Amino acid sequence: MNILGIDSSGNTASVAYITDGVVKAEFNINNKKTHSETLLPMIDTILKAANVDMESIDMIAVAAGPGSFTGLRIGASTVKGLGLALDKEVIPVPTLHGLAFNVAFSKGVVAPIMDARRNQVYAGIYRTGEKLEVIMDQDALDIHDFIEKINENGEEVTFVGDGISVFKEVMEEELKVPYHFAPAGMNRQRAASIAALGEIYAAQGLAVKSDDFSLIYLRKSQAEREREERLKQGE
């Protein structure tokens, strides 16, 4: 199976092409360019590098959220457009599942953690191997509450995601279990992991038509929250 993987859920834009579990090409950019500028050129670049054309793609796997609202929507519109033009199904992969799969076979559990602002994180707890076992699925919660859940689980843990750089100090202060931080190359979104999980999820019948693909937000956008606050103040 030939799968195109796309992840635009965070600052990193990532595109990968895999064939039957082998990564043929991967392109990652984390230089603050908007994903609307980078995704389509990146897709073109990796397909040319892999010496394949768009028609060779069987399915498109995409990070479905949570994450940056703008980034997710850019990724969704790109995938929907490609899926419609190529008549290909889309495999939605929860963002934190993909992050956890970056460090598959880690000892203990893996805890992907993304900065959600306002002292909150998008986070989850997983056991990783050939497949992904959910201990606590992705959720939006206070960083202190998440650390408490990690401590309650009681297992050695590997953290991955951009939340590490934001909350590293508080994690070091409050964690009571052995822990590790994933190194560069593993600690940000990677489309190869999205594509690899997409292949597994496709085999489970989780692919959808491009028109039926929807994003996972977990919470309202900042604009929506600010609008609700203004409405409350005007009551």
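This is a predicted model: local features need pLDDT of at least 70, side-chain atom pairs count only at pLDDT 80 or more; totals for chains, interfaces and linings use all residues.
**Strands, salt bridges and exposure**

Student: What makes E6 and E9 a pair of strands?

Tutor: Two strands need at least two bridges between them to count as paired. E6 and E9 have 4 bridges, in the parallel sense, so they pass that cut-off.

Student: Where do E6 and E9 sit in the sheet?

Tutor: The order is E8-E7-E6-E9-E10, in an open sheet of 5 strands with mixed pairing.

Student: Why are E8 and E10 called edge strands?

Tutor: Strand E8 (132-142) and strand E10 (179-181) each pair on one side only. Neighbouring strands here are turned by 20° against each other on average, ignoring direction.

Student: Which helix lies across E6, E7, E9 and E10?

Tutor: That's helix H5 (residues 163-174), and it runs at about 115° to E6.

Student: On to salt bridges. How many are there?

Tutor: There are 6 in the structure. One of them joins Lys48 and Asp44.

Student: Why is the Lys48 and Asp44 contact called a salt bridge?

Tutor: The cut-off is a side-chain nitrogen of Lys or Arg within 4 Å of a carboxyl oxygen of Asp or Glu. For Lys48 and Asp44, the closest N and O atoms are 3.1 Å apart, so the pair qualifies.

Student: Where do Lys48 and Asp44 sit relative to each other?

Tutor: Both are in helix H1 (residues 35-49); they are 4 residues apart, so about one helical turn separates them.

Student: Why is Lys48 called exposed, and Asp44 partly exposed?

Tutor: Exposed means over 50% relative accessible area, and buried means under 20%. Lys48 has 61%, so it counts as exposed. Asp44 has 38%, which puts it in between, so it is partly exposed.

Student: What makes Glu156 and Lys107 a salt bridge?

Tutor: Their N to O distance is 3.7 Å, and the limit is 4 Å, so they count. Glu156 lies in the loop between helix H4 (143-153) and strand E9 (157-160), and Lys107 in the loop between helix H3 (95-101) and strand E6 (109-115), so the pair ties together parts that are 49 residues apart in sequence. Lys107, at 62% relative accessibility, is exposed.

Student: What about Glu133 and Arg127: buried, partly exposed or exposed?

Tutor: Glu133 is partly exposed at 40%, and Arg127 is partly exposed at 27%. Their side chains meet in a salt bridge at 3.4 Å, N to O, and Arg127, Glu133 and Glu155 are linked in a network of salt bridges.

Methods
Residues are numbered from 1 along each chain as its sequence is written. Side-chain values use heavy atoms; hydrogens and water are left out. Helices (H or I, at least four residues) and strands (E, at least two) are DSSP runs, numbered from the N terminus. Buried means under 20% relative accessible area, exposed over 50%, partly exposed in between (1.4 Å probe, protein chains only). Axes are lines fitted to C-alpha atoms, for helices over the stretch in contact, and angles run from 0 to 180 degrees between N-to-C directions. Contact means heavy atoms within 4.5 Å.
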